[in-house]
Amino acid sequence: MQRNTVTGNYSAPTKQFKDLTIVILHYSRPKDLRMTLQILQAINKSSLDYEIIVVDNASTDGPPATPQNVHLIESKSNIGTSAWNLGFQKSKGKYILVLDDDCHIALRDIMALLEAANTEGADLITCDIFDKEPSSGGRSYHDVFPTGLLSFWGCCALIRRSAIEEIGGFDPNIFLWAHELEFTFRLLNSGKKHVFVPNVHAIHRKPVPTPGESSSHKRRLNLKNHCYIAAKFLRTPHVIKSVLALWVAVLYLSLRHLNLAFLHDFLSGLRTGFINRAPVVDYSLSRKYAAEWPYFGLMQQKKISKPRSQKHLMIG
């Protein structure tokens, strides 16, 4: 297996920067995309100078129809979450808002994220994610799996363009799930800041998953990606402990699902991670991930809780 990097052509655009580029990743959900675009295009450009880029990830039903003022980029194949990088490379915004095609966010919340970025000097700015409006009984995704400041829910996040130019976009070795963790690892290791903004939310229009009901396929992919990230980034004492914890998870999941494929994914993830090994410079950051991130310790001993503060929470 070849070493796969996350670098790309992120040189500054020739035209003047806009305030914001919204990059939407689309795959075979044209109705969801239409709804998201309708909501975003209602934003008055006198309030915010922005552009919208849609990256079609080789949808099975062909590329989506988009308005003329939306830039459509077509990936030749479905490359997973790293397809967002195609949009990053064409962006002209000082900040980039990452969105799933079935996720939307109101103008007031976008402005709050931008204000937090400027006030705190942050490079990654995230918010709460609900499956529908809280006033209509919506549930928070953080109630199921709180990420704290060590990762984020990738369906909506604001990233400073200069941070992407420096550390690269999403890792092509991760097709789906945990790409946010890998990106946050690199961001914090480079000395940049992650801010979580309470009382700001986006709507991810699908039900919050029930804990423990993930399919065998999802669990396998998630396990593989966590093995990859641990082997790639954690310092030696921490990677040894985390690999042992992940091995316990492999045994548990193999027995629960009666599927030995978990062992293959465990070994495959570790192998790719060690091929791409780049231990973090900050030893304390490695120790923090090893101690606090659930998959790197005993999975039942979850130490991360949902942020409750009314103030911005920041790391970095």
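Me: What is a salt bridge?
Reply: A salt bridge is a side-chain nitrogen of Lys or Arg within 4 Å of a carboxyl oxygen of Asp or Glu. By that rule, the count here is 12 salt bridges.

Me: Which residues are linked in a network of salt bridges?
Reply: R29, D101, D102 and K206 are.

Me: What should I know about the model itself?
Reply: It's a predicted model: local features need pLDDT of at least 70, side-chain atom pairs count only at pLDDT 80 or more, and totals for chains, interfaces and linings use all residues. Residues are numbered from 1 along each chain as its sequence is written, and side-chain values use heavy atoms, with hydrogens and water left out.

Me: Back to D102 and R29, where in the chain are they?
Reply: Their side chains meet in a salt bridge at 3.4 Å, N to O. D102 is in the loop between β4 (93-100) and β5 (103-104), and R29 is in the loop between β1 (18-26) and α1 (30-41), 73 residues apart. Helices (H or I, at least four residues) and strands (E, at least two) are DSSP runs, numbered from the N terminus.

Me: Is D102 buried or exposed?
Reply: D102 is buried, at 2% relative accessibility. Buried means under 20% relative accessible area, exposed over 50%, partly exposed in between (1.4 Å probe, protein chains only). R29 is partly exposed, at 28%.

Me: New topic: how far apart are the N and O in the K232 and E182 salt bridge?
Reply: 2.7 Å. K232 sits in helix α6 and E182 in helix α5 (residues 179-189), 50 residues apart. K232 is buried at 7%, and E182 is buried at 0%.
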